[in-house]
Amino acid sequence: MTGGIAPLTARPAWKALEAHYGKVRGLHLRKLFADDVKRGERMTAEAAGIYLDYSKNRITDETMTLLLRLAEESGLRERIDAMFRGEKINITEKRAVLHVALRAPKEASIVVDGLNVVPQVHAVLDKMADFSNRVRSGAWTGHTGRRIKSVINIGIGGSDLGPVMAYEALKHYSERAMTFRFVSNVDGTDFAEAVRDLDPAETLFIVSSKTFTTLETMTNAQSAREWSLKGLGGDVKAVARHFVAVSTNAAEVAKFGIDTANMFEFWDWVGGRYSMDSAIGLSTMVAVGPDNFRAMLDGFRQMDEHFRTAPFERNLPVLMGLLAVWYTDFFGAQTAAVLPYEQYLKRFPAYLQQLTMESNGKHVTLDGVRVDYDTGPVYWGEPGTNGQHSFYQLIHQGTRLIPCDFIGFMKALNPLGRHHDMLLANVFAQTEALAFGKTPDEVKAEGTPDWLVPHRVFEGNRPSNTILAGSLTPEALGKLVALYEHSVFTQGTIWSVDSFDQWGVELGKVLAQRIIPELERGPELEGQAEPTLIHDSSTNNLIRRYRKLK
């Protein structure tokens with residue numbers, strides 16, 4: 001399965017890194033910068049308008065040489081080429097991994113099972129553009145002839161996190177005369193709050209589910225159907241004017257009442273968490289328009305080409321992926337923080353949680369062998385400067401090592417006095433403070449009494465990347481998402497895991513299906529014997545308690 005590549009801990013570069021870590025683990029960034037006055041200019045890389053400063057990492061030139069050698073020994077180049085060729089590198093599901101095809105230019109050829117998939121991709125994009133233009137212009141009307149003013153995306157996981165992140169990120173470019181909302185949680189509150197102030201006659205639902213059987217999505221979709229019909233006089237023909245589908249299951253879509261002419265297709269070679277630039281992004285396209293959506297795709301494509309062709313020592317996703325492996329497996333870092341200094345990117349860390357943790361949260365290799373090293377750190381974060389007044393305390397002075405990615409933009413989309421200068425000053429100040437800290441002597445020199453000195457010392461040596469771009473355009477968003485997609489790919493390749501399946505989400509879903517009928521005892525079943533519960537004593541007790549008190 002891994003093509004004759006040695007297990008990770010047996011690779012020569014890994015063994016060399018273990019020895020090297022013993023030598024550099026105590027090195028402080030203060031010394032590294034003092035010994036190399038050009039370090040901050042040298043340890044940078046730039047591509048497609050994205051600038052990466054990785055100089056504030058606990059690395060030397062030898063560290064990078066060994067990490068790059070590890071990438072070569074892990075077959076990263078071959079695996080990148082295999083993905084772009086359309087080979088079935090998702091081995092547990094026997095599928096190609098071709099989110100890169102979603103943004104390939106029209107003239108490209110990417111063959112899966114003997115068929116060039118690029119024309120299919122562009123056919124769906126053209127269909128999405130036509131639909132989006134009709135909704136945005138008012139040419140598409142609801143059942144009563146009124147124009148659509150509100151769009152609600154119903155999905156979960158990759159069918160929700162990508163669209164909601166992209167909508168929030170690109171809100172500056174969205175059609176402000178329309179309202180866009182997103183429902184994912186099977187908790188009824190999510191749906192109830194989304195529609196409470198809306199008019200069914202002016203509301204369009206986009207139901208996103210590949211199979212059209214996803215429990216949470218279809219439960220919410222049925223509630224949306226009932227809500228719509230109740231407000232539109234009960235005529236089932238209304239469904240076809242207020243619902244469209246992103247799916248591959250034409251039979252279920254038609255059964256729901258949606259015209260299959262308004263079904264937008266995607267493919268099994270696109271994983272949910274990699275699908276925001278497919279038809280799953282229909283709500284994004286309606287919000288920002290086809291031109292902006294295509295600009296986002298072009299941003300994705302530019303980063304794809306960089307990842308595919310750039311030498312590893314200048315390859316942004318490769319550098320970030322290797323640094324993530326360095327901290328996870330040698331320093332024992334369990335988490336990584338992503339800190340966008342851009343309010344529009346407030347959902348970006350949540351989006352990355354699925355992208356990173358669903359991809360690389362794996363405990364066996366491609367060969368099905370239990371790993372003997374750590375994979376997939378926990379990703380988390382919040383926009384700056386908000387986080388500075390909450391969890392940065394732990395990053396600066398806590399006992400855990402938390403590598404950080406700081407994301408900033410040179411130009412504000414909403415210039416307001418000194419705001420943007422203050423925002424970027426905080427980006428640069430935080431990375432400086434994390435790296436260099438404040439010594440006891442520096443604290444004493446400020447006149448701090450001796451008893452207070454330990455409390456005000458900053459050890460520093462806390463690593464970070466700084467990622468900078470011009471401004472948050474649709475193109476820049478595409479580049480940023482692709483940067484992280486390919487960093488995740490790099491990490492998964494080093495760890496020899498399948499970054500494209502997600503069996504870990506299955507078991508809880510299966511058990512929930514078993515438990516649902518055990519909770520649903522209505523009045524019509526009163527007097528009948530209770531079902532025999534065959535779970536563990538804790539679960540049985542919780543079920544009985546819920547039934548008694550609900």
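**Exercise 1.** Determine at what angle helix α5 and helix α13 pack, and which residues meet.

*Solution.* Helix α5 (residues 76–85) and helix α13 (residues 290–309) pack at about 140 degrees with their axes 9 Å apart, where axes are lines fitted to C-alpha atoms, for helices over the stretch in contact, and angles run from 0 to 180 degrees between N-to-C directions. Helices are DSSP runs of H or I with at least four residues, strands are runs of E with at least two, and both are numbered from the N terminus. Angles under 35 degrees count as roughly parallel, over 145 as roughly antiparallel, 65 to 115 as roughly perpendicular and the rest as oblique, and α5 and α13 are therefore oblique to each other. On the α5 side, Arg 77, Ile 80, Met 83 and Phe 84 meet Asp 304, Phe 307 and Arg 308 of α13, contact being heavy atoms within 4.5 Å. This contact of α5 with α13 has four nonpolar, no polar and three charged residues; Ala, Val, Leu, Ile, Met, Phe, Trp, Tyr, Cys and Pro count as nonpolar, Asp, Glu, Lys and Arg as charged, and the others, Gly among them, as polar.

The model is predicted, with local features requiring pLDDT of at least 70 and side-chain atom pairs pLDDT 80 or more, while totals for chains, interfaces and linings use all residues. Residues are numbered from 1 along each chain as its sequence is written, and side-chain values use heavy atoms, leaving out hydrogens and water.

**Exercise 2.** Classify the packing of helix α6 against α13.

*Solution.* Helix α6 (residues 118–137) packs with α13 at about 150 degrees, their axes being 10 Å apart, which makes α6 roughly antiparallel to α13. The α6 residues His 122, Leu 125, Asp 126, Met 128, Ala 129, Ser 132 and Asn 133 meet Pro 290, Phe 293, Arg 294 and Leu 297 in α13. By class, this contact of α6 with α13 has six nonpolar, three polar and two charged residues.

**Exercise 3.** Describe the lining of the largest cavity.

*Solution.* A cavity is a set of points, on a 1 Å grid over the protein atoms alone, where a 1.4 Å probe fits but cannot get out, and lining residues have an atom within 4 Å of a point. The largest cavity is lined by 22 residues, of which Ala 324, Ala 336, Tyr 379, Pro 403 and Asp 405 lie nearest its centre. Helix α14 gives the largest share of this lining, five residues. The lining of the largest cavity divides into 14 nonpolar, seven polar and one charged.

Technical notes:
On a 1 Å grid over the protein atoms alone, a cavity is a set of points where a 1.4 Å probe fits but cannot get out, and a pocket is an open set with protein on both sides within 12 Å along at least five of seven lines; lining residues have an atom within 4 Å of a point.
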